[in-house]
Amino acid sequence: MAAPLRRYGLGARWYDVLSGERWVYRAGREAGISLLHPRPGDVVLDLGCGTGLNFAALLTAVGPRGRVIGVDRSPDMLDMARRRVGAAGWSDRVDLVEADAAALDPAEIRDRTDGRGADALLSTYALSVFGEREAAWARAVAAVRPGGRAAVVDMQRPHGPWRVFTPLTLLACATGGADIDAHPWRMLERDADPRSLERAERKGGHLVAVAADLAIHPRP
Ligand SMILES: C[S@@+](CC[C@H](N)C(=O)[O-])C[C@H]1O[C@@H](n2cnc3c(N)ncnc32)[C@H](O)[C@@H]1O
């Protein structure tokens with residue numbers, strides 16, 4: 001995983017403009033945050049938060065008493081996130097944690113939430129990049145309070161008429177170090193209360209957002 005670390009190192013400064021956010025990926029992010037149903041006062045764990053593109057929408061949803069804890073392995077991506085947080089005046093509402101998600105200590109997140117655990121977990125376009133997806137997922141789930149909710153937004157090959165864009169989506173995923181066939185929302189579907197599952201697709205099915213109440217709490 002050295003290559004992705006470099007990718008989100010030197011490339012961090014350009015990520016927001018070059019990642020296709022405006023034309024493609026924002027749509028999936030918005031769908032995922034909407035299905036997560038964050039409530040006022042919630043603490044949301046943003047796993048693989050990158051430059052913090054989820055923060056504005058999350059903070060709007062959780063209101064002045066709510067918070068976001070962003071976890072990312074790349075110091076450069078976190079530096080961009082820190083600049084975003086400072087410029088917007090969110091410093092007392094966003095914690096940034098530098099950690100490899102596969103080695104994240106759930107106790108650290110519980111410590112930052114008065115021992116309770118995060119109320120919600122969000123991961124956008126990140127789990128498909130992680131090397132040790134299952135370990136990262138188990139640790140993040142263990143950092144969420146019992147009954148908490150999670151949303152995973154990630155990519156797959158487009159379908160229907162949008163299949164013509166498959167080469168472009170493969171190129172975008174290869175550039176970002178993402179495995180387009182990882183389908184990480186399946187970990188959430190497996191660990192969810194099935195009655196609470198909600199799913200949305202955007203951009204011809206290229207973007208998938210799945211959200212649900214977590215049903216199990218593995219302790220790594
Ligand atoms: C494609 S970016 C997505 C960033 C953000 N979630 C978004 O929606 O814009 C993937 C992020 O995952 C981070 N990342 C990759 N491997 C990681 C790991 N093992 N642990 C934590 N973060 C990791 C990268 O540093 C990068 O910021």
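I began with a network of salt bridges that links Arg67, Asp95, Glu108 and Arg112. For a salt bridge I required a side-chain nitrogen of Lys or Arg within 4 Å of a carboxyl oxygen of Asp or Glu.

The model is predicted, so local features need pLDDT of at least 70 and side-chain atom pairs count only at pLDDT 80 or more, while totals for chains, interfaces and linings use all residues. I number residues from 1 along each chain as its sequence is written, and side-chain values use heavy atoms, with hydrogens and water left out.

**Salt bridges**

I looked up the total and found 17 salt bridges. I call a residue buried under 20% relative accessible area, exposed over 50%, and partly exposed in between (1.4 Å probe, protein chains only). Glu108 is partly exposed because its relative accessibility is 29%. Arg112, at 28%, is partly exposed too.

I then checked Arg39 and Asp42, whose side chains form a salt bridge at 3.3 Å, N to O. Arg39 is partly exposed at 43%. Asp42 has 6% relative accessibility, so I list Asp42 as buried.

**Largest pocket**

Next I looked up the largest pocket, which has a volume of about 730 Å³. A pocket here is an open set of points on a 1 Å grid over the protein atoms alone, where a 1.4 Å probe fits, with protein on both sides within 12 Å along at least five of seven lines; lining residues have an atom within 4 Å of a point. I noted 31 lining residues; Leu18, Ser19, Gly20, Tyr25 and Ala172 lie nearest the centre. Helix 8 gives the most to this lining, with 6 residues. I take helices as DSSP runs of H or I, at least four residues, and strands as runs of E, at least two, numbered from the N terminus.

Helix 8 spans residues 166-176 and holds Leu171. Leu171 is exposed, because its relative accessibility is 55%. I also found Leu171 in a nonpolar surface patch with Trp162, Val164, Phe165 and Leu168, with about 530 Å² of accessible area together. Such a patch joins nonpolar side chains (Val, Leu, Ile, Met, Phe, Trp, Tyr) within 5 Å, from residues with over 30% relative accessible area and no salt bridge. Areas come from the Shrake-Rupley method with a 1.4 Å probe; for residues, only the protein chains shown count as cover.

**One loop**

Last, I checked Arg73, in the loop between strand 2 (67-72) and helix 5 (75-88). Arg73 is partly exposed at 28%. Arg73 and Tyr8 are 65 residues apart in sequence, yet 9.0 Å apart in space, C-alpha to C-alpha.

Notes: Patches are made of residues with over 30% relative accessible area and no salt bridge: like charges are joined within 9 Å, nonpolar side chains (Val, Leu, Ile, Met, Phe, Trp, Tyr) within 5 Å. Grid points are joined across faces, edges and corners, and a volume is the space filled by probe spheres set on the points.
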